[in-house]
Amino acid sequence: MNHPGEAQQDYFSIAELAQRWRCSRGTVYNRLRALGVEVLDFASRGKKSKKVVHARTVLQIEERRTRRFS
C-alpha cells in the first residue's frame, strides 16, 4: 500500500495516522495501545505533547492488518 511521503517521513503524528487510516485520533490511540506500540513522547509524565510513531512501525501494522478483499 503506497502512501504519499512514506519514503521521506521517519515519524507519523497521531493526527497524521488518523487521517491516513481514516478514523478518529481516539481510535488511533486505542489501536496503538492494543498492539503495545512504542510512541515517542518528550513530555514529562502526565504532561501533554505531540506524540509520534516510527514510520517503520506504521508500515508493519498496515502490512499485518491489510487483507485481500474477496
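The structure is a predicted model, in which local features need pLDDT of at least 70 and side-chain atom pairs count only at pLDDT 80 or more, while totals for chains, interfaces and linings use all residues. Residues are numbered from 1 along each chain as its sequence is written, and side-chain values use heavy atoms, leaving out hydrogens and water.

Helix H3 spans residues 55-65, and its buried residues are Ala55, Val58, Ile61 and Glu62 (buried means under 20% relative accessible area, exposed over 50%, with a 1.4 Å probe and protein chains only). Viewed down the axis of H3, these buried residues fall within an arc of 120°, so they line one face of the helix. The face turned away from that buried side carries the exposed residues Arg56, Glu63 and Arg64. On the buried side, H3 packs against strand S1 (11-13), helix H1 (14-21), helix H2 (25-35) and strand S2 (52-54).

The axes of H1 and H2 come within 8 Å and cross at roughly 100°; the two helices are therefore roughly perpendicular to each other (65 to 115 degrees). Their contact (heavy atoms within 4.5 Å) is made by Ile14, Ala15, Leu17, Ala18 and Trp21 of H1 and by Arg25, Val28, Tyr29, Arg31 and Leu32 of H2.

Serine 13 is found in strand S1 and counts as buried, at 6% relative accessibility. Leaving aside its neighbours within four places in sequence, serine 13 is in contact with Lys50, Lys51 and Val52. From C-alpha to C-alpha, serine 13 and histidine 54 are 9.0 Å apart in space, and 41 residues apart in sequence.

Notes. Helix = DSSP H or I, 4+ residues; strand = E, 2+ residues; numbered from the N terminus. Arc of directions from axis to C-beta. Axes fitted to C-alpha atoms, helices over the stretch in contact; angles between N-to-C directions. Parallel < 35°, antiparallel > 145°, perpendicular 65-115°, else oblique.
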